[in-house]
Amino acid sequence: MARLSDWEVSALLTRVLELARERAGDHEGADGDRLAIGLRMIEEFSEPFEELLVYVWRRHLAAAVGRMEALGAREEDLHTTRLTVGFADIVQFTALSNQLTEERIGDLVELFEARCADVVASQRGRVIKSIGDSVLFVHEQPVPAYEIAEGIITVIGRDTRMPDVRVGLASGLVVQRLGDVFGPPVNMAARLTAVARRNRVIIDAETAGLLPDDQFETRRLAARPVRGFGIVEPVAVRRT
């Protein structure tokens, strides 16, 4: 809720400043004008925004109940399920952020998150969270999860206006708590992004075993140390 409130105020801020300049110019009362305009705009938007929040919450609640119902038919532990986890990461974001203005960095991250969310939603997956320059998503099936990974690379990594991305996929049992997911597949997906080449998808051996042989070609890469997992053989994948 704190993040949502910050976003709401930030989204209105540009318009507030424009209106304050038009109304008050640069005279000494400009600060008071900005505050008054801002508070009035928040008050005007509060009712429709609250209605939208309740609607979105109810839709997510219905989806969560549906997932729990489906899970209850398959698993004894309702908090543990088998998923394919994806981790999309902007390449060399730290170096890139040192070259951009603060405004451009914010715009870049917002566009990255929005496009990732659109791709994930198109395959009926779920964005679990955004972590700065990365997005964590999940899907119940490995093939749609791969489609999400390829889609993210298509709409972001191959857009000349956007930076390159890398995507890691890993499958297995994960624990679901408070809208987040935990477990080895989550950590493995994140680690695999450090192995992937620019605008490529790298998967773990379990995901490779779940992909249909007649649709995908997989190739084991050289074994290498992966933090927290020891020596791992990542797998490159592409559609046949």
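Colleague: Leu178 sits in the loop between strand 4 and strand 5. What makes a run of residues a strand or a helix here?

Modeller: Both are DSSP runs numbered from the N terminus: a helix is H or I over at least four residues, a strand is E over at least two. The chain has seven helices and 10 strands. The model is predicted, so local features need pLDDT of at least 70 and side-chain atom pairs pLDDT 80 or more, while totals for chains, interfaces and linings use all residues. Residues are numbered from 1 along each chain as its sequence is written, and side-chain values use heavy atoms, with hydrogens and water left out.

Colleague: Why is Leu178 called exposed?

Modeller: Exposed means over 50% relative accessible area, buried under 20%, and partly exposed in between (1.4 Å probe, protein chains only). Leu178 has 92%, so it counts as exposed.

Colleague: What is listed about the phi of Leu178?

Modeller: Its phi is positive, about 50 degrees, and Leu178 is not a glycine. Most residues other than glycine have a negative phi. Arg124 also has a positive phi, near 60 degrees. Arg124 lies in the loop between helix 4 (102–122) and strand 2 (126–131), and at 75% relative accessible area it is exposed.

Colleague: How do you know that His139 is buried?

Modeller: Its relative accessible area is 10%, which is under the 20% limit, so His139 counts as buried. His139 belongs to strand 3.

Colleague: What does the side chain of His139 reach, and what makes that a polar contact?

Modeller: It reaches the backbone nitrogen of Gln141 at 3.1 Å. A polar contact is a pair of N or O atoms within 3.5 Å; within protein, one must be able to donate a hydrogen and the other to accept it, and residues adjacent in sequence count only if both atoms are side-chain atoms. The distance of 3.1 Å is within 3.5 Å, so the pair meets the distance limit. Leaving aside neighbours within four places in sequence, His139 is also in contact (heavy atoms within 4.5 Å) with residues including Leu83, Arg124 and Ile148.

Colleague: Why does Thr193 count as buried?

Modeller: Thr193 has 5% relative accessibility, so it falls under 20%. It is placed in the loop between helix 6 and strand 6. A polar atom of its side chain lies 2.6 Å from the backbone oxygen of Ala190. Not counting residues up to four places away in sequence, Thr193 touches Phe87, Asp89, Arg166, Val167 and Gly168.

Colleague: Which residues of helix 6 are buried, and what do they pack against?

Modeller: In helix 6 (residues 184–192), the buried residues include Pro185, Met188, Ala190 and Leu192. The buried residues of this helix pack against six strands by name: strand 1, strand 3, strand 4, strand 5, strand 6 and strand 9.

Colleague: Why is the pair of Tyr146 and Phe216 called edge-to-face?

Modeller: The structure holds one aromatic pair. The ring centres of Tyr146 and Phe216 are 5.0 Å apart and the planes stand at 85 degrees, so the pair is edge-to-face. Rings of Phe, Tyr and Trp (its six-membered ring) pair if their centres lie within 6.5 Å; planes under 30 degrees apart are stacked, over 60 edge-to-face, and the rest tilted. Tyr146 is in helix 5 (residues 142–157) and Phe216 in strand 7 (residues 216–220), so the pair ties together parts 70 residues apart in sequence. Both residues are buried.
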